[in-house]
Amino acid sequence: MPRFGFNINFRHTPEDILTMGEKLLGTGEFEAIEVTYYENMQDVDTHAYNDAIRRIVAAYQPQVVVHISSFNTSEENSVLRSAILHEFRNCCAYTRQLGGHEIVMHSGRVKNSLHVPLVPHSSVRAEDSFDRAWQLSVQLFRTCCDIAREYGITVYTENLNDINLTISCESVVRFVENIDRENLDIVFDIGHSHRNGCDIPSEVLTCGSRLHHLHLHDNFGDRDAHLPIGEGNIDYRSFCEALRQIGYDGLYMMELRFGTPESLLESKKRLLACM
């Protein structure tokens, strides 16, 4: 039987989190959560958010995945790179405190970030900047995976959008192979793939046996809307057929922008109808 999870982020109040725990985990409809990591935030009190997460973990013992998405692993500044590694270690400790063994982390950015690899003159080719970003991110990911191994944690990275390094699943596979760490695998984000105009079944087949996690939501191909399943136009039937072909047996993680018990249960129902 497939196992289902739902994401938790700072749009959810502590009361929302407790309610989702009771109505989704407490009923056995969902078995896992993916928590967006928020710690050490300047002038933002995350204690109530994290306390609510700890309470539902203690009450229902779900599988826990932590999503650390806000750091640019292709950062050029050496001081900031050291800070990212320090905070990644904090995230590993946070994950283990929740009983988790999995972290999702983005591959790195090539634009729209504080310090992407510098392009000081128009004569510098865009592909050279991309290659530099790739090398920087591969190096940092190797160190992150080594830190994660100390905590018994597997790291996942995903297909993203055009400000990032990994857009197609071919690029994600190549990225993972370049890093060459046994505790690194792939999460496939179906909404990103649809928004990027990719052929979703082919992308799943490209991931193959490296695919161990999913981010599931919907959109109309124009933006990364993170809608409930069935409220966009993603073809989930062909997606599920591709999953069958590769023998996927990991989590089915709903990653809605603001999930409620009602929207998450309806998304699960619609997904099951496609399986």
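**Close-up views of aromatic rings**

**View 1. A cluster of rings in the predicted model.** In this predicted model, Phe 4, Phe 6, Phe 30, Tyr 248 and Tyr 252 are joined into a cluster by ring pairs.

**View 2. The edge-to-face pair of Tyr 37 and Tyr 94.** The ring centres of Tyr 37 and Tyr 94 lie 5.2 Å apart with the planes at 80 degrees, and because planes over 60 degrees apart count as edge-to-face, this pair is described in that way. The two residues are 57 residues apart and link distant parts of the chain, with Tyr 37 in the loop between strand S2 (32-36) and helix H2 (47-60), and Tyr 94 in helix H3 (residues 78-97). Tyr 37 and Tyr 94 are both buried.

**View 3. The stacked pair of Phe 188 and Phe 239.** Here the rings are 6.0 Å from centre to centre, with 25 degrees between the planes. Phe 188 belongs to strand S6 (residues 184-189) and Phe 239 to helix H8 (residues 236-246), so that this pair, whose members are 51 residues apart, links distant parts of the chain. Phe 188 is buried, as is Phe 239.

**View 4. A charge over the ring of Trp 134.** The residue that supplies the charged end in this view is Arg 174, and this end sits over the ring of Trp 134, 4.3 Å from the centre of that ring.

Note on methods. Residues are numbered from 1 along each chain as its sequence is written. This is a predicted model: local features need pLDDT of at least 70, side-chain atom pairs count only at pLDDT 80 or more; totals for chains, interfaces and linings use all residues. Side-chain values use heavy atoms; hydrogens and water are left out. Rings of Phe, Tyr and Trp (its six-membered ring) pair if their centres lie within 6.5 Å; planes under 30 degrees apart count as stacked, over 60 as edge-to-face and the rest as tilted. Helices (H or I, at least four residues) and strands (E, at least two) are DSSP runs, numbered from the N terminus. Buried means under 20% relative accessible area, exposed over 50%, partly exposed in between (1.4 Å probe, protein chains only). A charge sits over a ring if NZ of Lys or CZ of Arg is within 6 Å of the ring centre and within 35 degrees of the ring normal.
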